[in-house]
Amino acid sequence: MPERPYVIDELISAKTIAARIEDLSREIAEEFAGTDKLIVVGLLRGSFVFIADLVRELDLPIEVDFMEASSYGDGMESTREVRILKDLRGAIEGRDVLVVEDIVDTGYTLKHVSGLLNARKPARMKTIALLNKQARREVDFNADWVGFEIPDEFVVGYGIDFAQRNRDLPYIGTVRFT
Ligand code: PRP
């Protein structure tokens, strides 16, 4: 994609994200109360900041694992094709699993990954997405927990990139071309 200058407008502040993660962590801990260990699966790369903050708030015994699935190139449009670039290190059969995603857009990625992991017969599996863009949904799939509903705008920050940039922003912002 050609370089076009843009600015980033703050949409969700770091403070608001942190407060929401505290609430979500409480709900998740209630849902999985009594688990011997929750396997928290981060979908790379976008979820790396969210999962780091989430597991530090979660009052449960946990294990962390990662998968990488890709449905986008370096552009802004989904190719609608989900590729597994990296699979889990550990087995999940009979285990409690929480899949952590940064954003659900068309829904292809989380639906595909959920189907794949469910086939491995976890005891309980739930999904969480920090952001949900309902207006863009193309498949019938919703995460069990959503941090924030957002409008159909291109967002960056808090792990989310625009052509691999801006993942390091501590807040979520929208991209505005200038
Ligand atoms: C983005 C995002 C989600 C997915 C959501 O990942 O992190 O995983 O797209 O889109 P969907 O609901 O339309 O499938 P991307 O493939 O850009 O990879 P990244 O996480 O490495 O940035």
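Mentor: Let's start with a word we will need: a residue is buried when its relative accessible area is under 20%. Keep in mind, too, that this is a predicted model.

Trainee: Thanks! Why is Phe162 called buried?

Mentor: Its relative accessible area is 2%. The cut-off is under 20%, so Phe162 counts as buried.

Trainee: And what makes Phe177 partly exposed?

Mentor: Phe177 has 28% relative accessibility. Partly exposed covers the range between buried, under 20%, and exposed, over 50%, so that is the class Phe177 falls into.

Trainee: Why is the pair of Phe162 and Phe177 called edge-to-face?

Mentor: Two values matter here. The ring centres of Phe162 and Phe177 are 6.0 Å apart, with 75 degrees between the planes.

Trainee: Is Tyr6 buried or exposed?

Mentor: Tyr6 has 19% relative accessibility. Since buried means under 20%, Tyr6 counts as buried.

Trainee: What makes Arg4 a charge over the ring of Phe177?

Mentor: Arg4 lies over the face of Phe177, at 3.9 Å from the ring centre. The distance limit is 6 Å, and CZ of Arg must also be within 35 degrees of the ring normal.

Trainee: Let's turn to salt bridges. How do you know that Glu31 and Lys126 form one?

Mentor: Their closest N and O atoms are 3.9 Å apart. A salt bridge needs these atoms within 4 Å, so the pair qualifies. Glu31 sits in helix 1 (residues 14–31) and Lys126 in strand 6, 95 residues apart.

Trainee: What is the N to O distance between Asp53 and Arg56?

Mentor: For Asp53 and Arg56, the closest N and O atoms are 2.8 Å apart, a salt bridge. Both residues lie in helix 2 (residues 48–57), 3 residues apart, about one turn of the helix.

Trainee: Why is Arg56 called exposed?

Mentor: The relative accessible area of Arg56 is 64%. Exposed means over 50%, so Arg56 is exposed.

Trainee: Which residue has a buried side but no salt bridge?

Mentor: That is Arg137, which is buried yet has no salt bridge. The nearest side chain of opposite charge, Asp105, is 6.3 Å away, and the limit is 4 Å, so this pair does not count as a salt bridge.

Trainee: Where is Arg137 found, and what lies by its side chain?

Mentor: Arg137 is in the loop between strand 6 (124–132) and strand 7 (145–149). The backbone oxygen of Asp105 lies 2.9 Å from a polar atom of the Arg137 side chain. Asp105 also belongs to a network of salt bridges with shared partners, together with Lys133 and Arg136.

Terms used:
Residues numbered from 1 in each chain as written. Predicted model: local features only at pLDDT ≥ 70, side-chain atom pairs only at ≥ 80, totals over all residues. Heavy atoms only, no water. Helix = DSSP H or I, 4+ residues; strand = E, 2+ residues; numbered from the N terminus. Buried < 20%, exposed > 50% of the residue type's maximum accessible area, 1.4 Å probe, protein only. Lys, Arg positive; Asp, Glu negative; His and termini not counted. Polar contact = N/O pair within 3.5 Å; in protein donor to acceptor, adjacent residues only side chain to side chain. Phe/Tyr/Trp six-rings, centres within 6.5 Å; stacked < 30°, edge-to-face > 60°.
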